Amino acid sequence: MTKQSRNPPAEPLVPASRRAFLQQVAAAAVACSGAACSGAGSVLTAAEAEPAADSANWKYAICNETFLDWPQEKIFQFAAQCGYRGIEIAPFTIDPDVRRISAATRDRLREQAERAGVELVALHWLLAKTEGFHLTSPDASVRRETAAYLVELGRFCYDLGGKIMVFGSPKQRNLLPGVSREEGTAHAVEVLRRVMPKLAEWGVVLALEPLSPRTTNFMSTAAEAVEVAERVDAANCRLLLDCLAMSSEAVPTADLIRKYRSWLVHFHANDRNSQGPGMGDFDFVPIFRALREADYRGWVSVEVFDTSPGGEAIARRSIETMRNVERQIAG
């Protein structure tokens, strides 16, 4: 049986209680992935690559579109050589319509990642490059189609072995002209409530991503994203925090992490200049300290929007910076 058409587990992956489910998510988050592939050669110096004393709590991933048109297998191998243990996949980098991604392609991606020693941990840019889908649309038929497509993305995430779907997609969630915030929120909640049970069967968590008001007029603060999650009222509807997006909020980034620690399931590391950690003026020491104080055990994933330095430079500089920050807070 192919992975694309395989049935979900016979026993539902969502326990009866919210507490039990969150404990399951936390346990999955701390599970170690494979090491970098042997014999691949070192990208960083020995000092740069050496984990900090408490690095068991830190799991680094990087988004595949960072590397533009590289073959996926090359991305997986290079990321592993740098020390990343996970990869986030933007579905449009495989095919703009996830429904066209064959079972054979899904199998191949997962196998290539396993050989390289990385996990395919999450999907993001869920609705990028698509047409006809919108989270807050006043058109009921559009909302139904959007929910159905999110379910197909959940199937793809499950087939790859992923556990997280990051809902960013600012253009596909913007409040349209004439739609009030309350109406848009009600529409979004309706769509997500349709999706969550199926994702739960596959053990997939939907992480709502607050984005800057420069990019969207809906869920532009952590508080607004949590409000939506509360109204969805599903144990697998949680929160992602992103450094660049948080930099637009009035509340300091470290304080946002502490405030919403109980909702936090995934984390994006980037600088306010849209490049990777260490490539701008962001101080990541208080950010990582807040994550540690919050007992965050999930992935710290590098997501950049300015790829002009090149994928290799971004990947190397980012993990070098994060490892150096580890040492500082461990010391």
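Cysteine 63 counts as buried, its relative accessibility being 0%, and cysteine 237 is likewise buried, with a relative accessible area of 0%. Both assignments refer to a predicted model. A disulfide is a covalent bond between the sulfur atoms of two cysteines. In this structure, zero disulfides are found.

The packing of two helices was examined next. Two packed helices are described by the angle between their axes and the distance between the axes. For helix H6, spanning residues 181-201, and helix H7, spanning residues 222-232, the axes come within 9 Å and cross at roughly 55°. The crossing in which H6 passes H7 is right-handed.

On the side of H6, the contact is made by Arg181, Glu182, Thr185, Ala186, Val189, Leu192, Arg193 and Met196, which meet Glu224, Val228, Arg231 and Val232 of H7. The residues of this contact between H6 and H7 comprise six that are nonpolar, five that are charged and one that is polar.

When residues up to four places away in sequence are not counted, serine 318 touches Tyr84, Gly276, Pro277 and Val302.

How values were computed. Residues are numbered from 1 along each chain as its sequence is written. This is a predicted model: local features need pLDDT of at least 70, side-chain atom pairs count only at pLDDT 80 or more; totals for chains, interfaces and linings use all residues. Side-chain values use heavy atoms; hydrogens and water are left out. Axes are lines fitted to C-alpha atoms, for helices over the stretch in contact, and angles run from 0 to 180 degrees between N-to-C directions. Helices (H or I, at least four residues) and strands (E, at least two) are DSSP runs, numbered from the N terminus. A crossing is left-handed if the near helix is turned anticlockwise from the far one by less than a right angle, and right-handed if clockwise. Contact means heavy atoms within 4.5 Å. Ala, Val, Leu, Ile, Met, Phe, Trp, Tyr, Cys and Pro count as nonpolar, Asp, Glu, Lys and Arg as charged, and the others, Gly among them, as polar. A disulfide is a pair of cysteine sulfur atoms within 2.5 Å. Buried means under 20% relative accessible area, exposed over 50%, partly exposed in between (1.4 Å probe, protein chains only).
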